[in-house]
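I want to see who pairs with whom.

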Amino acid sequence: MESVHPDAYHNELIALLMTPSSVISDTALANYVVFAADDLQIKLQNSLAFAGCNGNPFGESRCRFRYLNEEVDCSLFQAYVLAAEDSAALAGELTAAMKQAGARLSQPVMVNGQRMKFKKYVSDRKSMLSPMTLALCEENNVFSLFF
């Protein structure tokens, strides 16, 4: 699951992989949650099941990926807010589940090896962010004074 292309996910394969003792790595979880395209209920259900097999609170596992031509090391919650291409309904459900699990967007991120506040990272690149990222940042008060 760590290296499978997001378009290659199949629900039957995922069902076969899931056993009560499954362990899902941070990379595999991030690859599915951030990049895989799936129907709302299926992706939400699979994401929560995989997060349960990951061992970290949903949204707190580490994620490293290229975004806006930079190497970003951040939490799964932050990665999802930055790179999500899901529907607004699914994005809202997944971010709500991450917040409910205790994940926070306010943690610092590493960008090209340099530590930076998440708010500064997105604020400095606001004109380059996707409409979904902007909406998720607004919904989670990233641009507010009290973030």
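I'm working on a predicted model, where local features need pLDDT of at least 70, side-chain atom pairs count only at pLDDT 80 or more, and totals for chains, interfaces and linings use all residues. Numbering runs from 1 along each chain as its sequence is written, and side-chain values use heavy atoms, with hydrogens and water left out.

Entry 1. How many salt bridges are in the whole structure? My search turned up seven, taking a salt bridge as a side-chain nitrogen of Lys or Arg within 4 Å of a carboxyl oxygen of Asp or Glu.

Entry 2. I looked up Arg64 and found it bridged to Asp73, with 3.4 Å between the closest N and O atoms. For accessibility I use relative accessible area with a 1.4 Å probe, protein chains only: buried is under 20%, exposed is over 50%, and partly exposed lies in between. Arg64 comes out exposed at 58%, whereas Asp73 is buried at 18%.

Entry 3. Arg66 pairs with Glu71, again with the closest N and O atoms 3.4 Å apart. Glu71 is partly exposed, at 28%.

Entry 4. Next I checked Lys120 and Asp124, whose side chains form a salt bridge at 2.8 Å, N to O. They sit four residues apart in helix H6 (residues 118–124), so about one helical turn separates them. Helices here are DSSP runs of H or I, at least four residues, numbered from the N terminus. Asp124 is partly exposed at 46%, and Lys120 is partly exposed at 46%.

Entry 5. Back to the arginines: Arg62, Arg64, Arg66, Glu71 and Asp73 belong to one network, joined by salt bridges that share partners.

Conventions
Helices (H or I, at least four residues) and strands (E, at least two) are DSSP runs, numbered from the N terminus.
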